[in-house]
Amino acid sequence: MTPPPSDADWLAAAARLSLRGTPASRPNPAVGCIIVNGAAVVGRGWTRAGGRPHAEAAALETAGAKTRGATVYVTLEPCAHRSERGPACADLLVEAAPARVVIGIEDPDQRTAGAGTARLRAAGIEVVYRESEAARRSLSPYLTRHRYGRPMVTLKLAMSLDGRIALTDGRSRWITGETARAHCHIQRAMHNAILVGGKTWRADAPRLDVRLPGLERRSPERWVLTSKPVEGAQAIAAPGDIAGSDALSLYVEGGAQAAAAFLAEDLVDRLDIYRAPIVIGDGLPAIGDIGLGELAEAHDRWMLRERRQLGSDGYESYERRRN
């Protein structure tokens, strides 16, 4: 007999649901919420475009009176601060009177941190925190913004088996196959902004958009790493300048010097590598000099988070280990 879903299972499902709001929920985090009464899901919600309504408000509207006595699973602590854009989710939950609220991550926003939980408990609602890796990953852009004051940065590299991204004359189309390229476009659609180096912009004039049916409108903002304004793109002078944007996530696609610049300043939070089963030899390297002084400095920095086969190409995603 199959056991019923655990709290961790429901939080993981809520984290998957939150992806529907990524990255359009900016400037608010993409949160997922599921309401379960007995064995039935009576409400589901995720943060909508522009940040409102919040996931809890959307789920409560669906569940209605069935929320009373139910269990609410939400990836982030319900907000406690009132806004002109909508009521506090903690207040909405108190009014709806669920029996339990299971939370994946405490909100680091000082307007809520702990206050949402306290308001629920004061109303007699049981509040449970379940450490959820799925919730943490789904909220990585928001958590990175709060912790470091900048977007979460994903560096994407498409390379040959010997670490080359192009022939010596710069020709690079195509390193990977159609399946891998489609997967890359999905990743573009999950980020607020996309960046290439000025040299890549001038040489290739890349479109930097999403070209998958139904997702064209989710193309990210286009940024160029340069010291001079570039027509048709938002220009920034150095990797450190990314803090000036309200973007929650940035996808860095290249080239080698742009990749090196972000790695050298330790600004890369996720490393996505697409590896084609080809050997190029004396071509252009995927990454330039990152100023590594000792080999020991390179160890224990990256943790494998995902590996899959995409047609003939391999895909690996690594997460930066940080304290």
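Residues are numbered from 1 along each chain as its sequence is written, and side-chain values use heavy atoms, with hydrogens and water left out. As the model is predicted, local features need pLDDT of at least 70 and side-chain atom pairs count only at pLDDT 80 or more, while totals for chains, interfaces and linings use all residues.

Salt bridges, defined as a side-chain nitrogen of Lys or Arg within 4 Å of a carboxyl oxygen of Asp or Glu, come to a count of 25. One of them is formed by aspartate 7 and arginine 100, whose closest N and O atoms are 2.9 Å apart. This pair links distant parts of the chain, with aspartate 7 in helix 1 (residues 7-18) and arginine 100 in strand 4 (residues 100-105), 93 residues apart; helices (H or I, at least four residues) and strands (E, at least two) are DSSP runs numbered from the N terminus. Both aspartate 7 and arginine 100 are buried, where buried means under 20% relative accessible area, exposed over 50%, and partly exposed in between (1.4 Å probe, protein chains only).

In helix 9 (residues 256-264), the buried residues include Ala256, Ala260, Phe262 and Leu263. The side chain of aspartate 266 meets that of arginine 320 in a salt bridge (2.9 Å, N to O). Because arginine 320 lies in strand 15 (residues 313-320) and aspartate 266 in the loop between helix 9 and strand 12 (270-275), the pair ties together parts that are 54 residues apart in sequence. Arginine 320 counts as buried at 13% relative accessibility, whereas aspartate 266 is partly exposed, with a relative accessible area of 28%. Aspartate 266 also forms a salt bridge with arginine 322, the closest N and O atoms being 3.3 Å apart; arginine 322 lies in the segment after strand 15, 56 residues from aspartate 266, and counts as partly exposed at 29% relative accessibility. These residues belong to a network of salt bridges that links Arg150, Asp266, Asp269, Arg301, Arg320 and Arg322.

With a disulfide taken as a pair of cysteine sulfur atoms within 2.5 Å, the count of disulfides is zero. The closest cysteine sulfur to that of cysteine 33 belongs to cysteine 89 and is 8.3 Å away, too far for a bond; cysteine 33 is buried, at 0% relative accessibility. Cysteine 79 is likewise in no disulfide, the nearest cysteine sulfur, that of cysteine 89, being 3.8 Å away, and cysteine 79 is buried, with a relative accessible area of 6%.

The second largest pocket has a volume of about 1000 Å³, a volume being the space filled by probe spheres set on grid points joined across faces, edges and corners. On a 1 Å grid over the protein atoms alone, a pocket is an open set of points where a 1.4 Å probe fits, with protein on both sides within 12 Å along at least five of seven lines, and lining residues have an atom within 4 Å of a point. The lining comprises 33 residues, of which Arg137, Ser138, Ser140, Arg270 and Arg305 lie nearest the centre of this pocket. Its largest share, six residues, comes from helix 6, and the elements that each supply at least two residues include helix 1, helix 6 (140-148) and strand 15.

Finally, Ile287, Ile290, Leu292 and Leu295 make a nonpolar surface patch of about 340 Å². Patches are made of residues with over 30% relative accessible area and no salt bridge, like charges being joined within 9 Å and nonpolar side chains (Val, Leu, Ile, Met, Phe, Trp, Tyr) within 5 Å; accessible areas come from the Shrake-Rupley method with a 1.4 Å probe, and for residues only the protein chains shown count as cover. Leucine 295 is placed in the loop between strand 13 (284-285) and strand 14 (302-310) and is exposed, with a relative accessible area of 63%.
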